[in-house]
Amino acid sequence: MDAYPESYKECTTQAHEEFNQNARPAIKQDVPDFDSYDVILVGYPIWWSDVPMPVLTFLEKHNFNGKRVAGFSTHAGSGLGRTEATLKQICEGAELKVTMVEPRSLCPECGAEFTHDRFHRVCPTCGNALTELIAGREMQLDSIEVDIPD
């Protein structure tokens, strides 16, 4: 199995090809003793408004009946896209929780609070572009540590 290219353009090209082919690329390893877990955290980037194909490879291998599944993701402006519907379908029988916090900013110039997408944080009241993000990073992970037995 080859890693995805480090170049953003090459990586998204490959991801788009896999998406169009409905591919299920190989993954390096599975989670040992998956059935022993009651709570499953599924983190992924959103590719083409959906769950990436390698993540689908992993998810489709397992039975989620009776498990609690929490999805979290990153995206480049698409929001959750189709990911919640995809996870509901694949994780059938699970208690599923997928939450997206709507970004909100504060304008220090005029004091206005406003919602926006990821890229457009200009104050709609006064036009100030130097606004402060006050909500929307609640799901940001700075690091995560996972023990996978050999």
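Here is a short walk through the structure, from a sheet and its helices to a few single residues.

The model is predicted, so local features are described at pLDDT of at least 70 and side-chain atom pairs at pLDDT 80 or more, while totals for chains, interfaces and linings use all residues. Residues are numbered from 1 along each chain as its sequence is written, and side-chain values use heavy atoms, with hydrogens and water left out.

Let's begin with the sheet. Three strands form an open sheet in the order β1-β2-β3, and their pairing is parallel. Strands here are DSSP runs of E with at least two residues, helices are runs of H or I with at least four, and both are numbered from the N terminus. Two strands are called paired if DSSP finds at least two bridges between them. At the edges sit β1 (39-45) and β3 (95-98), each pairing on one side only. Direction ignored, neighbouring strands of this sheet are turned by 20° against each other on average; axes are lines fitted to C-alpha atoms, for helices over the stretch in contact, and angles between N-to-C directions run from 0 to 180 degrees.

Now look at the two pairings in turn. Seven bridges join β1 to β2, and Ile40 has Val69 in β2 as its bridge partner. To get from β1 to β2, the chain passes through helix α2 (residues 53-59) in a right-handed β-α-β crossover. Right-handed means that, with the strands pointing away from the viewer, the path from the first strand over the helix to the second runs clockwise. On to the next pair: β2 (residues 68-74) is joined to β3 by four bridges. Here Arg68 stands opposite Glu95, and Gly71 stands opposite Val98.

Helix α3 (residues 83-90) lies across β1, β2 and β3, and runs at about 165° to β3. Contact means heavy atoms within 4.5 Å.

Thr131 is found in the loop between β5 (113-115) and β6 (132-135). Thr131 counts as buried because its relative accessibility is 11%; buried is under 20% relative accessible area, exposed over 50%, and partly exposed in between, with a 1.4 Å probe and protein chains only. Leaving out residues up to four places away in sequence, Thr131 touches several residues, including Phe114, Arg121 and Cys123.

Finally, the cysteines. Cys11 is buried at 15% relative accessibility, and Cys91 is buried at 3%. With a disulfide taken as a pair of cysteine sulfur atoms within 2.5 Å, the count comes to zero disulfides.
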